[in-house]
Amino acid sequence: MMKMVDLLVRKDGTTHEEFEEYWLEEHSSHAKELPGLKKYVTSVSKDPEKAGYDGVLELYFDSTADMKAAFDSEKGKEVMADAAEFIDMEQGPTLILDETVQMDDLD
């Protein structure tokens, strides 16, 4: 399972509250439709000024090829264009990770 993790920074002129509301109430409904997406997790920073980030995004795919295909698709292009409306796309790192769960007692 491949996981993409983005540390997100809001665009200048957008409050943290506006960022959170748009991300969770508007953008997420589009992002969940990415082809091949297996899991979608959003985590909102409770102290963005201290953290330096407004949120953490986790997207799971079966493979890096599936992830690339998702973002190359029409839906992927729409999702990225929408993200650019409230996220500073030049800030925050993006990590592409091969996740290995060592322990999961949540189920």
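# Salt bridges and fold: a working chat

Reader: Which residue does K68 form a salt bridge with?

Author: K68 pairs with D72, and the closest N and O atoms are 2.6 Å apart. A salt bridge here is a side-chain nitrogen of Lys or Arg within 4 Å of a carboxyl oxygen of Asp or Glu. This is a predicted model: local features need pLDDT of at least 70, side-chain atom pairs count only at pLDDT 80 or more, and totals for chains, interfaces and linings use all residues. Residues are numbered from 1 along each chain as its sequence is written, and side-chain values use heavy atoms, with hydrogens and water left out.

Reader: Where do K68 and D72 lie?

Author: Both are in helix α3 (residues 64-72), four residues apart, about one turn of the helix. Helices (H or I, at least four residues) and strands (E, at least two) are DSSP runs, numbered from the N terminus.

Reader: Is K68 buried or exposed?

Author: K68 is exposed, at 53% relative accessibility. D72 is partly exposed, at 44%. Buried means under 20% relative accessible area, exposed over 50%, and partly exposed in between (1.4 Å probe, protein chains only).

Reader: How many salt bridges in total?

Author: Eight. One of them joins K3 and E58, at 3.2 Å from N to O. That pair links distant parts of the chain: K3 sits in strand β1 (residues 2-8) and E58 in strand β3 (residues 55-61), 55 residues apart.

Reader: K3: buried or exposed?

Author: K3 is buried, at 12% relative accessibility. E58 is buried too, at 15%.

Reader: Which residues are linked with K3 in a network?

Author: E58 and E99, through salt bridges.

Reader: New topic. What pattern does the chain follow?

Author: Along the sequence, β-α-β-α-β-α-α-β. The radius of gyration is 14 Å, close to the 13 Å that the globule rule gives for 107 residues, so the chain is as compact as a globular protein of that length. The radius is taken over C-alpha atoms, and the rule is 2.2 Å times the number of residues to the power 0.38.

Reader: How much of the chain is buried?

Author: Buried residues make up 36% of the 107.
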